[in-house]
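Subject: Structure for your review

Dear colleague,

Please find below the structure that I am handing over to you.

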Amino acid sequence: MTSSWRDLVCGEPRSEHVGRTLTLAGWAARRRDHGGLVFVDLRDHTGVMQLVVNPERSPEAAERAKEIRNEFVLRAVGEVVARSPETVNEKMATGEVELQVDELEIVSRSTPLPFQLDEEGVDEPLRLRYRWLDLRRDRMQRNLRLSGTAVSAIRRRMEELGFVDLWTPSLTRATPEGARDFLVPVRLQPGAFFALPQSPQLFKQLFMIAGFDRYYQIATCFRDEDLRADRQFEFRQLDVEMAFTEREDVLGVLEEAVRAVFEAVGREPPSAPFPRMPWSEAMSRFGSDKPDLRFDLEIEDATEVTRESEFGVFSGAPSVRFLVAPKAFSRTELGRLEELAKEWGAKGLAYLVVDESGDVRSPISKFLSDRELETFHAAPGSTVLFAAGEPGTTARVLGFLRLHLGRELGLVDESRDEFLWVVDFPLFEWDEDEGRWTFSHHPFTGIAPGHEERIESDPGTVLSQAYDLVWNGWELGSGSIRIHRQDVQQRVFRALGLDEAEAKEKFGFLLDALQMGAPPHGGFALGLDRFVALLAGEPNIREVIAFPKASSGADPLTGAPSPVSDEQLAELGIRLLEPPATT
Ligand code: ASP
């Protein structure tokens, strides 16, 4: 680290340096005037060193020290001295020493700051507008360095496992991953557009057909979706594809990559193999395809028991499910839960409260048989909460309710790390709005052995070879064994409503390639920003991305996206229908 600017970084000086003359450089974190003596905390990402400017030792330095404001860049030459025992600061790694300054240079100044670096709760738009200051803070330094460590551990492990880092284009055709595309107009072909890749899916499949049997890339993907805590327009993923492979091989590689990151950051890696759970089980027990297994509170089924129920809502419903929450809720609390359940799509929320003394409070208990009551097994101090309706709705409502109660009742054991593979997803999903089948992963997903016959006759029951990785209730990524036969791929396109001409127009290159020696293959993509956010204990991926977009989708730092000149548009053959919207 030695240069003419500094002999050591700010966090390095220790007692062993006492007596040495050192040059240090960094940012002024704080200046304190003590009648004559000036103390300056000099900071860089490694720590803080106390400078002492004494007018008797260096009148010039003392004069200059008066000008110092927070975040000025300073260079100081001085002698490392031991602090007196009463002034040793045990909270600082450098707390046993200080630098008695002989020369002080103000290398660079700062205007008054929009926020102080140690200020809590600064508004996010302001943090993003002045991101260079925000990134100077400990939290962001830690997060971005953690991200760097994770990426390098992944690369190392992938390469040890024989994977080759191959690059794929950012200017390409639409790749269907279920989001809207970002389009790029083309000057040389006005009226035609590139799409930014939603993922390198088709390129990585072509690598397999081309004979690169182990590919990986830290790929940037672009998806035009509304932004959320775990979503940005552009994000990175560890993108993997393998040929002559089976599901378990792919899962094993991903487990290795995850474990390598834990090792690199000095944490106990989750033990492999991670548990596997079929999608249908995840939905029925947890009401979610990404269950958070750090707490129990499982959903139970009462459809059979309530078939003959005297409570008409139960007997008439295609599915009746319930949760037993470990608390006797008050009427007000139940009212609030019912409101939430309605927001999630329920018609109402039937309940059975058993208070501490064993008394039952419930408008429906008089309709319930002993057998039903026995099934609901509510102990004193608990509440049974019911959802009745279509199986998809009851699962979703109770799934959300489960998560809500897990948080509200403090059931989540934050010290646990629960990784899970959800496997055997359905191949298709029914799209209510469009009134047709759509893919649940992407259209290149392989079909469970034996399920091919039903693609046309009963698409809703066809299982795929797709799998998701879940960590503490966050979906970290998805993958699948792919279709490697052209005829099967054609049938899936047809089932998705793409006729032959359309399929050829959009994916002709893939269909051609599948006819020229395509090996069986499969892969995965792990969302790196989500993974690092969880690793860092951050609730939002923006906290681990250096320059993210704000939740509006705009970039407060650069002001992008921004209108462009009429000349630029004309060159691209574009005329706006309306003046540019401003955000
Ligand atoms: N292309 C998929 C995605 O980005 C991952 C995969 O199937 O490998 O989600």
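Predicted model: local features only at pLDDT ≥ 70, side-chain atom pairs only at ≥ 80, totals over all residues.

**The ligand site**

By that criterion, 14 residues surround the ligand, and the closest are Glu177, Gln201, Lys204, Arg223 and Arg482. The shell is made up of eight polar, four charged and two nonpolar residues. Three elements, α5 (201–209), β21 (474–481) and β22 (521–527), each provide at least two residues of this shell. The largest share comes from β22, which contributes three residues.

The ligand taken alone exposes 270 Å², of which the protein buries 95%.

**The closed barrel**

Five strands form a closed barrel in the order β1-β2-β3-β5-β4, and the pairing is mixed. From one strand to the next, the twist averages 55°. Strands β4 (residues 73–82) and β5 (residues 97–108) run antiparallel and are joined by 10 bridges. Within this pairing, arginine 75 has glutamate 105 of β5 as its bridge partner, while alanine 82 is partnered by valine 97 of β5.

Strand β4 also pairs with β1 (residues 21–34), in the antiparallel sense and over seven bridges. There, tryptophan 27 stands opposite valine 73 of β4. In the loop between α1 (59–65) and β4 lies glutamate 71. The phi angle of glutamate 71 is near 75°, a positive value in a residue other than glycine.

**The open sheet**

A separate heading is given to the open sheet of five strands, whose order is β12-β13-β16-β14-β15 and whose pairing is antiparallel. Strands β12 (300–301) and β15 (360–361) stand at the edges with a single partner strand each, so one side of each has no neighbour in the sheet. The partner of β15 is β14 (residues 350–354), and the two pair in the antiparallel sense over two bridges. Valine 354 is placed opposite valine 360 of β15.

**Aromatic pairs**

How many aromatic pairs does the structure hold? There are 25. One of them joins phenylalanine 182 and phenylalanine 233 in an edge-to-face arrangement, with 5.1 Å from centre to centre and 75° between the planes. This pair links distant parts of the chain, 51 residues apart: phenylalanine 182 is in the loop between β6 (164–165) and β7 (183–185), and phenylalanine 233 is in the loop between β9 (214–222) and β10 (234–243).

Proline 273 is located in the loop between α6 (247–264) and β11 (276–278). Proline 561 belongs to the loop between α15 (528–536) and α16 (566–571).

Yours sincerely

How values were computed:
Residues numbered from 1 in each chain as written. Heavy atoms only, no water. Pairing = 2+ DSSP bridges. Helix = DSSP H or I, 4+ residues; strand = E, 2+ residues; numbered from the N terminus. Near = heavy atom within 4 Å. Areas by Shrake-Rupley, 256 points an atom, 1.4 Å probe, with all protein chains shown as cover. Nonpolar A, V, L, I, M, F, W, Y, C, P; charged D, E, K, R; others polar. Axes fitted to C-alpha atoms, helices over the stretch in contact; angles between N-to-C directions. Phe/Tyr/Trp six-rings, centres within 6.5 Å; stacked < 30°, edge-to-face > 60°.
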